[in-house]
Amino acid sequence: MASTPCFHVVLVLVLCFFLTTAIAAAPRKAINVPFQKNYVPTWAGDHIKYFNGGNEIQLYLDKYSGTGFQSRGSYLFGHFNMQIKMVPGDSAGTVTAFYLSSQNTEHDEIDFEFLGNRTGQPYILQTNVFTGGKGDREQRIYLWFDPTKDYHSYSVLWNLYQTVFFVDDVPIRVFKNSKDIGVRYPFNQPMKLYSSLWNADDWATRGGLEKTNWANAPFIAAYRGFHIDGCEASTNETFCATQGRRWWDQNEFRNLDAKQYDRLRWVRERYTIYNYCTDRSRYPKMPAECQRDRDV
């Protein structure tokens with residue numbers, strides 16, 4: 001029986017639906033490894049404790065010092081995941097940070113910063129993106145769970161097309177490559193990964209109004225996972241030798257799909273408490289990247 005024009009139209013629409021919904025994908029599953037495989041302490045190494053052969057560590061903050069660590073290598077693009085259990089109880093004034101950063105004056109940086117709280121108040125997750133030394137792109141959200149009760153995954157998918165922040169499997173922020181509209185994008189400066197637990201009671205909790213209560217010290221943040229899947233480069237390289245051939249370079253990782261954008265919208269509508277894109281006191285004119293990043 002001959003097919004009708006109407007049938008062809010429906011067939012085309014169905015094919016288009018499957019093509020557009022299959023164009024994006026979630027990052028590959030992170031692989032847990034011991035701390036020492038990918039990371040080394042950077043300061044106050046005596047404030048880091050190791051468990052289970054380095055598969056878990058704890059960072060300690062007391063009135064004398066915090067502590068931190070960094071990746072062994074530098075990377076141009078990839079997928080970076082850390083499982084963290086935040087400081088429990090009264091953590092006001094403390095900051096637990098997990099971020100990527102290059103090493104020069106006009107540096108690039110991709111930040112997760114977890115701002116401590118008074119007991120019973122929610123943690124705040126602040127994200128920021130620096131390009132060419134310029135930041136001031138803060139966004140703050142509440143989390144939809146208590147991050148002190150169990151480990152949760154915090155990850156960055158960074159490629160030539162977009163930088164995506166994930167909490168577990170939920171995208172909470174996208175920073176697209178918007179060089180074509182005059183916005184710098186981190187693409188040619190290798191970055192190391194860093195994490196630290198430190199005292200920032202001059203700004204971290206209610207703008208510095210809530211101070212660290214040292215009677216509750218030591219403050220302890222726990223880590224595991226330590227997953228790095230990136231293009232390793234020296235700090236002087238400006239191009240990844242395998243560019244275009246790694247899984248995160250492929251078409252399905254150049255954008256979010258409809259379901260992921262729905263989850264991002266859910267975070268925006270329910271949990272966002274500050275967004276630089278909508279702060280007209282700082283930016284009378286909305287920054288150029290905000291519309292493309294679907295931040296408004």
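Predicted model: local features only at pLDDT ≥ 70, side-chain atom pairs only at ≥ 80, totals over all residues.
How many bridges join strand 8 to strand 9, and which way do the two strands run? I found four bridges between strand 8 and strand 9 (residues 139-142), and the two run antiparallel. Strands here are DSSP runs (E, at least two residues), helices are runs of H or I of at least four residues, and both are numbered from the N terminus. Two strands pair if DSSP finds at least two bridges between them.

Residues are numbered from 1 along each chain as its sequence is written, and side-chain values use heavy atoms, leaving out hydrogens and water.

Next I looked up the sheet. It is open, has eight strands in the order 1-4-13-6-7-8-9-15, and pairs antiparallel. Strand 1 (39-43) and strand 15 (272-275) are at the edges with a single partner strand each, so one side of each has no neighbour in the sheet.

Then I turned to Asn117. UniProt, in an unreviewed entry, lists Asn117 under "glycosylation site"; such annotations may be inferred rather than shown by experiment, feature names are shortened, and positions follow the numbering used here. I placed Asn117 in the loop between strand 7 (109-115) and strand 8 (124-130). Asn117 is buried, at 8% relative accessible area (buried is under 20%, exposed over 50%, partly exposed in between; 1.4 Å probe, protein chains only). Beyond four places in sequence, its contacts (heavy atoms within 4.5 Å) include Asp90, Tyr123 and Thr205.
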